[in-house]
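Please work through the exercises below with the sequence and the structure open beside you, and try each task before you read its solution.

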Protein chains: 2
Amino acid sequence: MAVTLREVAELAGVSIKTVSNVVNGYPHIRPGTKQRVEAAVAELGYTPNLTARNLRAGRSGAITLALPDMGLAYFAELAAQVIEAAEATGLIVQLEHTAGDRDRELELLRSARRHSSDGLIFSPLGMGQDDAQALAVPYPLALLGERIFDGPADHVTMRNQDAARAATEYLLASGRRRIALIGAHQGEVIGSAGLRLWGYRAALEAAGVPFDPALIGYTGLWHRANGADTMRDLLARGVEFDAVFGLNDTLTFGAMRVLQEAGRRIPDDVAVMGFDDIEEAQYSIPSLTTVHPGHGWIARTAVETLIARIATQAEGLNPPPVTRLADFSIIVRESAPAA
Amino acid sequence: MAVTLREVAELAGVSIKTVSNVVNGYPHIRPGTKQRVEAAVAELGYTPNLTARNLRAGRSGAITLALPDMGLAYFAELAAQVIEAAEATGLIVQLEHTAGDRDRELELLRSARRHSSDGLIFSPLGMGQDDAQALAVPYPLALLGERIFDGPADHVTMRNQDAARAATEYLLASGRRRIALIGAHQGEVIGSAGLRLWGYRAALEAAGVPFDPALIGYTGLWHRANGADTMRDLLARGVEFDAVFGLNDTLTFGAMRVLQEAGRRIPDDVAVMGFDDIEEAQYSIPSLTTVHPGHGWIARTAVETLIARIATQAEGLNPPPVTRLADFSIIVRESAPAA
DNA sequence: ATGAAAGCGCTAACAT
DNA sequence: ATGTTAGCGCTTTCAT
């Protein structure tokens with residue numbers, strides 16, 4: 001079994017209080033005592049039992065991060081950044097997987113308190129606006145993503161519509177007029193796809209460029225293969241276009257491959273714009289012009305917001321939920337140079 | 001504050017023992033009592049405090065998974081699988097990031113017990129065989145990967161050398177003779193790169209095909225960009241080859257892109273073989289023939305092995321470390337068809 | 001500067 | 001079938 005305070009105290013010939021004081025760096029300890037305790041700690045290889053400490057403190061020192069799919073680079077990178085941000089404040093991150101399944105997501109919200117964690121950072125995918133009330137949970141929660149707005153929980157997200165509009169305006173400004181959009185979700189209004197499609201349409205409208213439904217490529221998932229399929233379909237339909245706006249980078253890489261297969265030069269024949277700025281965007285050939293949605297900021301802010309909520313809730317307060325929006329920027333690379 | 005057993009007991013007019021019994025499904029309870037308790041639980045919204053339960057049980061219900069880099073698809077997919085396997089046995093996974101940095105890895109091993117977790121699944125990258133003794137830690141540990149062998153901890157890994165040999169033999173059998181290898185590490189003997197290079201050489205030797213150092217592409221990291229760079233270098237050097245064996249899939253995709261840029265047809269001019277069988281291998285164009293290293297099995301076995309070690313260590317036993325090897329297989333796809 | 005002791009919320013041994 | 005109680009390892013008043 002593990003060594004306890006009591007055993008250290010016995011060996012050092014002091015009380016457990018003194019050992020606790022030494023371990024926790026309490027200042028007023030006689031140097032001699034301190035040394036004896038430290039020797040005993042070293043000899044026995046004592047490490048504090050965090051579970052006991054947490055029970056005493058009324059917290060667990062861990063937060064839960066629930067993501068739909070670690071296989072998508074965006075989420076994998078987000079996870080890495082949340083872990084980093086949490087680690088910086090001494091919190092451990094427990095990772096959960098929902099597979100974007102609505103039932104699993106709802107179940108997670110219901111059961112999350114059973115996992116000994118101080119709060120949840122949650123990125124739903126299967127749940128939608130109608131499920132907003134399920135976010136009214138009795139523990140600290142920070143929502144990510146674009147599935148649910150104005151819900152009863154803190155929310156960290158980005159200006160999807162503005163960003164998509166800016167991306168489209170960028171393509172328009174570089175002289176493109178027939179901009180294909182891939183990754184649309186049939187009938188979606190709220191959600192990354194719906195919002196970004198709106199931004200795209202707003203930019204077209206403002207520029208007086210007619211919206212052509214034939215330019216929209218629909219696909220449920222946003223993996224590389226889906227982008228490839230959608231692009232193949234677009235080409236097969238013989239639609240003309242001089243630019244492609246992919247609603248996420250991974251999808252866009254798939255589309256880019258198919259374009260190149262088909263002999264379309266990027267950016268000469270077709271300019272390509274992505275969304276997410278995942279790491280690979282810097283290294284692809286050509287490198288990908290894309291929307292940087294501030295995921296680092298989102299990760300840090302999610303952790304920060306959750307910590308703040310944990311603190312206020314511990315004081316018995318319950319301030320109204322806040323929404324925090326990340327800044328975005330267009331990262332210009334080879335696939336869509338400026339005009 | 002959260003509702004406790006005591007409050008539920010008070011409301012239901014029973015003792016906390018009875019409430020505990022009900023909550024834990026102890027069978028012999030009078031139906032009426034059970035109902036009253038359940039009503040009280042529901043009314044107050046009681047959920048057990050896991051920290052207290054864990055303190056009592058002497059375990060935390062969580063395991064730690066430490067990986068070098070979530071940005072690499074292989075590790076992201078491995079994480080997802082470990083989480084799934086752990087979840088199936090009721091364990092939570094705490095994820096840590098080492099960035100493949102030796103000092104961070106050593107620090108992690110030292111401090112891991114401070115994190116309230118029952119054990120560690122650890123995939124080192126910066127540490128090497130010389131650091132084997134650092135694995136002699138006083139808590140349950142399962143080692144992954146190919147950096148350290150015969151260390152003082154349980155080890156779940158695969159037959160790297162055999163697998164690389166089989167992959168090379170497959171290419172030879174399909175009639176290729178000039179097989180470029182990319183992803184080699186200068187001077188490495190132990191480690192994924194070193195072992196796989198050895199397997200490659202063994203296959204060549206067995207087939208009587210001379211080893212040509214000019215065919216070896218060196219690169220430290222195994223990201224897509226590294227594969228692309230290495231392949232560009234190979235092409236620039238004017239080395240002739242009719243096949244490429246990439247030491248991981250991600251790297252191989254980068255190389256494949258450059259090959260296609262250069263007008264080499266896959267598999268007609270160059271057959272391409274990867275290693276890892278990440279999801280994308282099914283969807284790339286062409287789809288990637290690769291070594292399936294049994295990551296699902298590795299994830300499940302790592303969790304299983306760790307749980308077994310946790311159990312024996314709790315009984316005060318300390319059986320010698322075990323090594324468990326995953327089976328591999330060659331997944332034949334378009335990039336390198338059978339002869 | 002240090003010790004004694006209560007108590008965080010839970011489970012289980014022991015009673016009844 | 002249910003109640004009483006000790007104790008998991010720790011921190012923290014309250015004494016001294």
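The exercises that follow concern a predicted model, and each task comes with a worked solution.

**Exercise 1. Find which elements of chain B supply the side that touches chain A.**

Solution. Begin with the contact itself, in which 36 residues of chain B meet 36 residues of chain A.

**Exercise 2. Determine in which sense strand E2 of chain A and E2(B) run, and how many bridges join them.**

Solution. Locate residues 92-97 of chain A, which form strand E2, and follow the two bridges that join this strand to E2(B). The two strands run antiparallel, and one pair to look for is A:Val93, whose bridge partner in E2(B) is B:Leu95. In general, strands of a sheet pair through backbone hydrogen bonds, in either the parallel or the antiparallel sense.

**Exercise 3. Describe the surface near DNA strand D by its nearest residues, its helices and its classes.**

Solution. There are 26 residues around DNA strand D, and those that come nearest are A:Leu5, A:Asn49, B:Ser15, B:Lys17 and B:His28. Then turn to the helices, where helix H2 (16-23) and helix H4 (50-57) of chain A, together with helix H2 (16-23) and H4 of chain B, each supply at least two residues of this surface. By class, the surface divides into 12 nonpolar, eight polar and six charged residues.

**Exercise 4. Work out which way the residues of strand E4 of chain B point, and which strands pair with E4(B).**

Solution. Start with the side chains of strand E4 (residues 141-144): B:Leu141 and B:Leu143 point one way, whereas B:Ala142 and B:Leu144 point the other way, and all are buried. Now consider the pairing, in which strand E3 (residues 120-122) of chain B runs parallel to E4(B) and is joined to it by three bridges, with B:Leu120 opposite B:Leu141. Three bridges also join E4(B) to strand E5 (residues 154-158) of chain B, again in the parallel sense, and here B:Leu144 has B:Val156 as its bridge partner.

Terms used:
Residues are numbered from 1 along each chain as its sequence is written. Chains are lettered from A and ligands numbered from 1 in the order in which they are written. This is a predicted model: local features need pLDDT of at least 70, side-chain atom pairs count only at pLDDT 80 or more; totals for chains, interfaces and linings use all residues. Two residues are in contact if their C-beta atoms, placed from the backbone, lie within 7 Å. Helices (H or I, at least four residues) and strands (E, at least two) are DSSP runs, numbered from the N terminus. Two strands pair if DSSP finds at least two bridges between them. A residue is near a molecule or strand if its C-beta atom, placed from the backbone, lies within 6 Å of it. Ala, Val, Leu, Ile, Met, Phe, Trp, Tyr, Cys and Pro count as nonpolar, Asp, Glu, Lys and Arg as charged, and the others, Gly among them, as polar. A residue is buried if 20 or more other C-beta atoms lie within 10 Å of its own, exposed if 12 or fewer, and partly exposed in between; C-beta atoms are placed from the backbone.
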